Amino acid sequence: MQPSAVPELAHTHTRPIHWLATATAVAGVVALSSFLQPGAATAAQAAGPATRSAPANATAPDPAAVEFPIECGPVKALVEKKASGDLDGDGKPETVAVVHCNSPMGTPPDGVYVLTRRGDGGEPRVVATLLDPKDGTTVSDFAVRDGAVTATLLGYSSSDVPRCCPDVRSDVKWRWRNGAFMRSAPAGARSV
């Protein structure tokens, strides 16, 4: 065995004091990071070509103020996700809500609903059902962009597939055309 060209250094052998010093340093960094937080984000997204800006006093409908057309029995409907934008080009924002029954077990199917306001700033109401919970699918990805609603739907190929494990995936897009929401698959969408 040949001797090493680099002499043995005392600090290359770990001892309990080294582990204690490392643990103390990590704890200090974690504690300090809880006090130091970044400032609020100030970036704004550019409006898409099909999106009109809403009047400054226009507010998107609040899903909490709406009764959704979903049958939940003894449990309540839960708004899982929501997003707002001008979907019909009238300059007023609509809200799209992903809703399911707040079941303590299983994976309840989702409904996707479009909300708008009655008249000039009146009460919010459901004006369209994009996805009916009776279809038995759930929504994983969801967004409102450039006047369209996009989502990834997870479903089942047969009743033999356990409800925990969807085996069908589809990407969909809804866009307001000729007085109705039209469903399509976005370019490049794939199914599993």
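1. Of the 192 residues of the protein, 29% count as buried. The model is a predicted one, and the values in this note should be read accordingly. The exposed surface comes to about 13200 Å², with carbon and sulfur atoms supplying 56% of that area.

2. On secondary structure, the protein has one helix and eight strands. Along the sequence they follow the pattern α-β-β-β-β-β-β-β-β. Among contacts with a separation of 6 or more, 42% are made by residues 24 or more positions apart.

3. Four of the strands form an open sheet in the order E5-E6-E7-E8, with antiparallel pairing. Strand E5 (138–145) and strand E8 (180–184) each have a single partner strand and stand at the edges, so one side of each lacks a neighbour in the sheet. From one strand to the next, the twist averages 20°.

4. E5 and E6 run antiparallel and are joined by six bridges; Ala143 has Thr150 in E6 as its bridge partner. The hairpin of E5 and E6 has two residues between the strands, and in this hairpin Asp146 takes a positive phi near 50°. Strand E7 (residues 168–177) runs antiparallel to E8 and is joined to it by five bridges. Trp174 has Arg183 in E8 as its bridge partner.

5. Which residues have the most contacts inside the largest nonpolar core? They are Val96, Leu130, Val139, Val149 and Trp174, in a core of 18 residues. Two or more residues of this core come from each of strand E2 (94–101), strand E3 (111–117), strand E4 (124–131), E5, strand E6 (148–155) and E7. A second, separate core has nine residues, including Val66, Cys72, Cys101 and Tyr113.

6. Leaving aside residues up to four places away in sequence, Leu130 touches Val96, Val112, Val114, Val149, Trp174 and Phe181. Val96, Val149 and Trp174 are also listed, with Leu130, among the residues with the most contacts inside the largest core.

7. Not counting residues up to four places away in sequence, Thr138 touches Thr107, Pro108, Pro109, Asp110, Thr152, Leu153 and Leu154.

8. How many salt bridges does a search of the whole structure find? The search finds one. In this salt bridge the side chains of Asp171 and Arg169 meet at 3.5 Å, N to O. Asp171 counts as buried because its relative accessibility is 18%, whereas Arg169, at 33%, counts as partly exposed. In general, side chains of opposite charge can pair when their charged atoms come close.

Key
Residues numbered from 1 in each chain as written. Predicted model: local features only at pLDDT ≥ 70, side-chain atom pairs only at ≥ 80, totals over all residues. Heavy atoms only, no water. Salt bridge = Lys/Arg side-chain N within 4 Å of Asp/Glu carboxyl O. Buried < 20%, exposed > 50% of the residue type's maximum accessible area, 1.4 Å probe, protein only. Pairing = 2+ DSSP bridges. Axes fitted to C-alpha atoms, helices over the stretch in contact; angles between N-to-C directions. Core = buried A, V, L, I, M, F, W, Y, C linked by side-chain atoms within 4.5 Å. Contact = heavy atoms within 4.5 Å. Areas by Shrake-Rupley, 256 points an atom, 1.4 Å probe, with all protein chains shown as cover.
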